[in-house]
Structures are given as C-alpha cells and as structure tokens.
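Visitor: Could you walk me through this structure, please? I am new to reading models of this kind.

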Amino acid sequence: MSTADTNFDDAVRIQMVRLGAALYNRGLTPGRTGNLSVRADDQIMVTPTDSCLGCLDATRLAVTTLDGQHIAGDRPSKELILHRALYRHHPTCTAVAHLHSTSAVAVSCLPDLNTDDALPPITPYFVMRVGRLPLIDYATPGSVELEEQVSRASERSRSVLMRNHGSLAAGTSLESAVDAVEEIEETARLYLLLAGRSPAYLGEEDVADLHRRFPSTV
Ligand SMILES: [Zn+2]
C-alpha cells in the first residue's frame, strides 16, 4: 500500500513531524529515542524504527494495522507494542507518546516510589493532564514481558512510567499525548529539585476536586 492510500493525510503527518521536532529541539527525546503514534479507524501511524524525532520524514512514517502488521512507509518502531497496549485499554484515545526524557528516567530509578502513582501531585496540571502514573518494573525493551506489564498498568491509567526506561502516555489527540509526557517530565524534574526539602504537595481534597472537574484522564 502506498502512504497516500492510508488513513493518514498530509496534515496529521506534518503534525507528527512538527511535534517530534519540538520534543527533540528541547532535549526531551535525545538521539534516536522516543516514538509517537496516532490511530485512525483500523490503522496506526507510528514513527519508524531507529528514527530520530528531530528529523522525521512525513512521507516515510510507518503505517500498520491495529494488530501491528506493517502496511506502508518505513518499518515501525519496535516499541509499537507498547502503544498498542494503551490503545486496547483506552478506545477513546487516538494517540500515544513515549519519551526517554532525563528527569522521568532518573525518577524511575529511585527506590521507595509508590508503584500505583509514582509522582506526587505537585501541581494541578499534572493531575489534570496525567492523572495517575503507575510504575512498572524494568523489562527488556521490545519484550513480551514489558508489553504485558504496560497492558496491566494501562487498565488503570492512560500513563505509565517504566523503570530505567521512560514514560508513555495516551491522549485523545497527538497534542494531548505529547502534553502528558511533557507534564510527566516537568513534574519529575520538580520532584528531583524538591528532594529532601519537605515540600507541600496538593492535598487529597484538592486532587479529588480536580478529578471531579477534569475526569478525562482518571
Ligand atoms: Zn523506549
């Protein structure tokens, strides 16, 4: 199938290239790390394997079926299996973003994190854009074990933090998925900056109020 015959027009391709470059240019996805995907009906478009998000080619983005069969463009990222796990559990979500961003990876390596929700509610924006952030154990990238862990965690959240690896978030648009992984990175950075200072976080009532007003990520 040629890329022109897929479910993804020029506008969504250009948007993926633009957002990939924006993440790369701000140091949020170094080297050939990270990947983005969007879903439209029975197809997924994802950044190609070993690609740099700073120099994506709109005409070569990989397109697959929902079960991951390659149908157009370059070969898909090996991490597509993680995106598919989120899509399975969140049928209203049409995009997924994954980063190996520095602060999120640093926090993922710390001991004694709450595995149900790895970061505290430092700001209302983390609660609104991310909600709950389950932490899963390290497993080899691309392995069935990692996919199964992401799948289990995504039953209770749209976002997942993977130990010694990075963050993963689904959204109802590519912008909202990217916003979520950026919010995870910024909250992780704040968490590291505040370490050892007994900071004040949002209280349970404040968080419950945000969940009532902005229920989409819960
Ligand atoms: Zn990765």
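**Salt bridges, a metal site and pockets**

Guide: Let us begin with a pair of charged side chains: Arg189 forms a salt bridge with Glu186, and their closest N and O atoms lie 3.2 Å apart. Please keep in mind that this is a predicted model.

Visitor: Where in the chain are Arg189 and Glu186?

Guide: Both belong to helix 6, residues 174-193. Because they are three residues apart there, about one helical turn separates them.

Visitor: How many salt bridges does the structure hold?

Guide: The structure holds nine. One of them joins Asp209 to Arg212, with the closest N and O atoms 3.7 Å apart. These residues are three apart in helix 7, so about one helical turn lies between them. Asp209 is partly exposed at 25% relative accessible area, whereas Arg212 is exposed at 61%.

Visitor: Which residues are linked in a network with those two?

Guide: Arg213 belongs with them: Asp209, Arg212 and Arg213 are linked in a network of salt bridges.

Visitor: What about Arg60 and Asp74?

Guide: Their side chains meet in a salt bridge, with an N to O distance of 2.9 Å. This pair links distant parts of the chain, 14 residues apart. Arg60 is in the loop between strand 2 (43-46) and strand 3 (62-65), and Asp74 is in the loop between strand 4 and helix 2. Arg60 is partly exposed at 44% relative accessibility, and Asp74 is partly exposed at 26%.

Visitor: Changing topic: which residues coordinate the zinc ion?

Guide: The zinc ion is coordinated by Glu79, through two OE entries, and by the NE2 atoms of His98, His100 and His165, at 2.0 to 2.7 Å. In sequence, the donor residues follow the spacing E-x18-H-x1-H-x64-H. Glu79 and His100 link distant parts of the chain, being 21 residues apart. Glu79 is in the loop between strand 4 (70-72) and helix 2 (80-89), and His100 is in the loop between strand 5 (95-99) and helix 3 (102-108).

Visitor: Is Glu79 buried or exposed?

Guide: Glu79 has a relative accessible area of 10%, so it counts as buried. His100, at 23%, counts as partly exposed.

Visitor: What is the volume of the largest pocket?

Guide: Its volume is about 310 Å³. The pocket is lined by 19 residues, and those closest to its centre are Asp117, Leu119, Pro121, Gly131 and Val207. Helix 4 (124-129) and helix 7 (204-213) are the elements that give two or more residues to this lining. Helix 7 gives the most, with three. By class, the lining has eleven nonpolar, four polar and four charged residues.

Visitor: And how much space lies in the second largest pocket?

Guide: About 210 Å³. Of its 16 lining residues, the closest to the centre are Arg32, Asn35, Asp50, Ser77 and Glu79. Glu79 is also a zinc donor.

Visitor: Which residues does the domain annotation cover?

Guide: The unreviewed UniProt entry gives "Class II aldolase/adducin N-terminal" for residues 14-192. Over that stretch the chain is 36% helix and 19% strand, and the end C-alpha atoms are 35 Å apart.

Notes
Residues numbered from 1 in each chain as written. Predicted model: local features only at pLDDT ≥ 70, side-chain atom pairs only at ≥ 80, totals over all residues. Heavy atoms only, no water. UniProt positions renumbered as here; feature names shortened; annotations may be inferred. Helix = DSSP H or I, 4+ residues; strand = E, 2+ residues; numbered from the N terminus. Donors = N, O, S within 2.8 Å, 3.2 Å for Na, K, Ca; no water. Buried < 20%, exposed > 50% of the residue type's maximum accessible area, 1.4 Å probe, protein only. 1 Å grid on protein atoms, 1.4 Å probe; cavity = no way out; pocket = protein on both sides within 12 Å on 5 of 7 lines; lining within 4 Å. Points joined across faces, edges and corners; volume = space filled by probe spheres on them. Nonpolar A, V, L, I, M, F, W, Y, C, P; charged D, E, K, R; others polar. Salt bridge = Lys/Arg side-chain N within 4 Å of Asp/Glu carboxyl O.
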